[in-house]
Amino acid sequence: MKRNGIAFWIGAALFLAAALLMTKVVSNQYPFFAGYVILQFIALAVAWSILGGYAGYVNFGTSAFFGVGVYSSVFLVKAFGAPLPVQILTAAAIGALMGFALGLLTLRMQGIFFSIATIALTIIIETAVTNWRYVGGAAGIQIQRPPVSALFDNYVQMLFFVQAVLVVLAVAISRYIQNSWIGRGLQALKDDELAAECSGVPTLRLKLLACVISGALLCAVGAPSAMYLQFANPESAFNLNYSVSTLAMSLIGGTAHWSGPIIGAILLGTTQQLLTVTISSEVNVLVLGVMLVLFVVGAPEGIIGLIRRIFRNRNEGRES
Amino acid sequence: MSSETPAPLLRIASLTKRFGGFIALDNVSVEIPPGERFGLIGPNGSGKTTLINCISGAFRTEPGTVLFRDEDITALQPHLRTRRGIARSFQIPRPFRSMTVAENLMVALDFAAHEHVSVAKRRDTMMSILTQMGLASKANVSATQLSQVELRKMELARAMATHPKLLISDEAMAGLSSSEVDEVLDLLMSLASHDITIIMIEHIMQAVMRFSDRVMCLDAGRIIAIGTPSEVMANQRVQEAYLGT
Amino acid sequence: MDLLLDAVVIGVLLGCFYGAVSLGLSVSFGLLDVPHVAHPAFLVLASYFVYFLNEHYAIDPLVAGLLITPLFFAFGLVAYRIYYETFEKRGSDAGVRGIAFFFGVAFIIEVLIIMQFGVDQRSVTADYVGKALRLGDLRIPYRLLVAFGVAAVLTILLTLYLSRTFMGRAIRAVAQDQEALRLMGTNPIRIKQWAFGIATAVLGVAGALLIIVAPVEPTLDRAYIGRTFCVVVMAGLGSMSGTLVAAIILGVAESIVLTMFGASWAPAISFAMLLGVLAVRPQGLFGRRS
């Protein structure tokens with residue numbers, strides 16, 4: 001346990017150091033553009049899994065949280081010219097509130113009805129933002145990047161590093177939850193809510209907690225996106241593709257362990273980036289659909305599940 | 001508090017539960033003293049499981065009150081009732097399917113504990129409960145791989161892991177062979193003590209007769225008889241309810 | 001006031017159309033509990049088939065819709081088989097993985113349409129598209145009247161089928177109690193597969209209506225996830241006449257909002273109603289199941 005913890009934090013520090021080093025050494029801008037998107041999806045998938053994986057409440061509203069993150073930044077920049085850290089923290093706070101509201105929904109809905117409700121929530125918020133003139137309405141809005149701080153050569157490199165920090169934050173939280181009493185409680189209520197409650201698990205409080213944490217992270221990850229694209233419009237900020245991609249990455253990687261969503265996001269995110277560059281963005285949606293179907297049908301426990309099964313088989317082979 | 005009769009552990013007063021127009025429990029009142037082995041019988045749909053759900057908190061009731069150790073718990077959520085010492089098994093077993101038997105028990109030990117105990121201590125408790133239940137060899141087996149009788153025992157073990165003062169067993173013997181019925185019955189007998197009161201719902205009459213200090217029979221949501229096992233069995237309304245005449 | 005009357009009349013007609021496109025989901029999700037979020041994607045796919053037949057062979061869209069019905073019936077049979085083998089048979093959390101599965105399918109259909117037909121809007125030509133009936137001040141587009149008529153016929157046929165035929169009654173029975181049917185010596189999976197086939201077959205004609213009422217584009221299915229699920233959930237799962245009533249309520253609500261607040265608010269109506277129904281009365285307005 002303890003030694004694992006040390007290894008994890010050394011790994012995280014190395015990862016951040018490498019990301020920082022990359023901004024100093026690599027001069028080509030493309031790796032940062034592509035890397036940002038992949039990091040963003042890792043963070044989204046990890047954040048999503050806290051509710052969707054551990055608690056088993058499948059949230060199709062990733063786009064809602066992401067979009068709200070984007071637009072809270074847009075609003076803060078336009079109204080106050082707020083700096084990036086303020087944007088991210090505000091987005092996290094709003095996301096936590098949205099998560100709390102979502103958590104209250106779990107009182108009345110489970111399974112597929114919860115999922116459908118989260119889709120509904122997404123479209124409703126998107127429509128509201130579309131009708132909000134101040135942040136550009138349906139046509140969208142251009143955003144000016146402020147001058148970059150001394151530490152970085154340009155803004156995209158800084159965003160790249162910020163997203164790497166968010167990834168570490170999301171993974172650390174997710175890992176902590178999995179290993180703590182929260183994770184065990186969530187696992188129990190995922191298996192059987194009434195049995196969990198009758199074993200002393202405060203299911204409502206845990207669900208609210210998972211929703212708040214997951215929501216805050218999803219929103220925070222969306223916040224830098226406004227600066228990254230220098231443009232925001234409701235159609236792309238609230239695009240259902242974010243929801244389905246995030247869900248697909250988590251399911252493909254496997255939600256039984258905190259590393260699953262990371263594996264899934266790297267795999268699918270990288271593939272999508274390559275396809276977008278080499279072929280077209282349509283094909284990338286096709287691949288998303290095909291991978292989702294293949295994994296849900298063929299490997300319902302994801303890559304983590306496959307690895308565990310191979311491990312178990314090998315161990316049994318050795319024993320006999 | 002009178003010294004002659006101990007204060008009841010559980011006191012249910014004029015409990016009524018409706019589902020839409022259907023009255024599942026109709027003005028049920030009963031008191032159960034500590035240490036009693038209490039049998040609950042009645043035909044299918046008579047309200048036995050509904051009563052259990054009202055005691056353990058899965059259903060909200062109004063009107064009516066549930067008092068546990070002189071505390072009104074009518075409005076408490078189920079997990080808070082569990083922490084106060086009410087544990088139950090389910091008619092259709094509800095294991096945590098993604099966990100091993102040991103982990104199933106650890107959930108109860110982690111969350112229902114009254115005071116903080118070290119992980120090592122909790123593991124010891126878990127193993128001693130499993131040993132008592134005859135499940136020690138299955139500790140690291142997935143809950144999905146248990147046989148029917150093992151599942152029943154695991155449910156009781158998980159309930160025991162919450163340190164209950166009141167253990168409610170909801171048809172823990174349904175679908176078992178007669179030797180397995182005896183096995184589970186012996187277990188329940190061994191669990192019962194002055195500190196652990198047991199309510200047993202059962203259809204198997206020999207089991208109820210052997211087990212219970214006192215038996216209550218429900219029919220259509222009402223108490224039709226309550227008393228010693230032989231009294232209740234001799235009651236004409238009970239016989240009618242069971243024979244359906 | 002005239003404007004409002006106009007909105008209500010158009011809303012009723014529009015509602016009947018929504019009813020027609022939701023009927024299939026009312027069977028597949030309402031009766032069979034399949035979380036079929038790809039239902040609207042199949043609907044849009046049907047529209048493109050109709051567009052193709054209309055464009056290249058000048059077949060009337062409604063006839064084209066009827067022509068593709070057997071094909072969609074077959075799609076339905078295959079889709080249910082896959083769903084059953086991979087999810088229902090394995091048991092646990094079929095709903096959640098099922099919804100992910102059908103989202104995948106919906107995305108695949110979207111992209112296949114884009115690759116074949118491009119992202120542009122497509123529409124059909126027929127005598128009744130583009131003209132309107134004048135009743136005093138009221139101006140009612142023929143395309144809506146056609147949709148209204150066909151929707152009414154579809155609903156009546158499906159209701160009769162489910163209540164009068166042996167297979168129809170078996171479908172209702174399987175929705176209530178799968179075990180009972182098995183005891184009677186009937187294979188419930190066969191019946192569910194058949195029902196899913198019917199539910200998908202209806203989409204042939206519904207797809208024709210979709211493209212008659214308005215031009216279609218490949219990602220139109222996303223808006224219809226809200227509309228169809230709203231209608232089915234509001235109706236109370238599995239009630240055909242309830243489906244029509246719920247659809248009319250949605251149609252009128254959308255039409256009024258459209259007139260009073262403008263088109264940009266329209267997409268949220270169905271989802272807001274859906275959310276409201278789910279939160280307040282999950283069993284639906286006309287629901288029978290708890």
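Figure 1. Chain A contributes 19 residues to the contact and chain B contributes 21 residues, where contact means heavy atoms within 4.5 Å. Two salt bridges are found across the interface, a salt bridge being a side-chain nitrogen of Lys or Arg within 4 Å of a carboxyl oxygen of Asp or Glu. The side chains of A:Arg184 and B:Asp110 form a salt bridge, with an N to O distance of 2.7 Å. Eight residue pairs, both residues at pLDDT 80 or more, are in polar contact across the interface of chain A and chain B. A polar contact is a pair of N or O atoms within 3.5 Å; within protein, one must be able to donate a hydrogen and the other to accept it, and residues adjacent in sequence count only if both atoms are side-chain atoms. On the side of chain A that touches chain B, two or more residues each come from α7, α8 (193-198) and α9 (203-222) of chain A. Helices (H or I, at least four residues) and strands (E, at least two) are DSSP runs, numbered from the N terminus. With six residues, α7(A) provides the largest share of this side. The side of chain A that touches chain B comprises 10 nonpolar, four polar and five charged residues; Ala, Val, Leu, Ile, Met, Phe, Trp, Tyr, Cys and Pro count as nonpolar, Asp, Glu, Lys and Arg as charged, and the others, Gly among them, as polar.

**Figure 2. Interface of chain A and chain C.** Between them, chain A and chain C bury about 3400 Å², 82% of it on carbon and sulfur atoms. In chain A, the residues that lose the most area to chain C are A:Ile112, A:Phe113 and A:Ile116, together 15% of what that side buries. The contact involves 37 residues of chain A and 35 residues of chain C. Between chain A and chain C there are zero salt bridges, while five residue pairs (both at pLDDT 80 or more) are in polar contact. At least two residues each of the chain A side are supplied by α5 (111-130), α12 (240-253) and α14 (281-298) of chain A, and α5(A) gives the most, with 13 residues. The side of chain A that touches chain C has 27 nonpolar, seven polar and three charged residues.

Figure 3. The axes of α6 (residues 155-179) and α7 (residues 181-191) of chain A come within 4 Å and cross at roughly 70 degrees. Axes are lines fitted to C-alpha atoms, for helices over the stretch in contact, and angles run from 0 to 180 degrees between N-to-C directions. Therefore α6(A) and α7(A) are roughly perpendicular to each other; angles under 35 degrees count as roughly parallel, over 145 as roughly antiparallel, 65 to 115 as roughly perpendicular and the rest as oblique. For α6(A) and α9(A), the axes come within 11 Å and cross at roughly 170 degrees, and these helices are therefore roughly antiparallel to each other.

**Figure 4. Salt bridge of B:Asp26 with B:Arg222.** The side chains of these residues meet with an N to O distance of 2.8 Å. B:Asp26 lies in strand β2 (residues 22-32) and B:Arg222 in strand β10 (residues 222-227) of chain B, 196 residues apart.

**Conventions.** Residues are numbered from 1 along each chain as its sequence is written, and chains are lettered from A and ligands numbered from 1 in the order in which they are written. In this predicted model, local features need pLDDT of at least 70, side-chain atom pairs count only at pLDDT 80 or more, and totals for chains, interfaces and linings use all residues; side-chain values use heavy atoms, with hydrogens and water left out.

Notes:
Buried area is the accessible area (1.4 Å probe) that two parts lose on being put together, summed over both.
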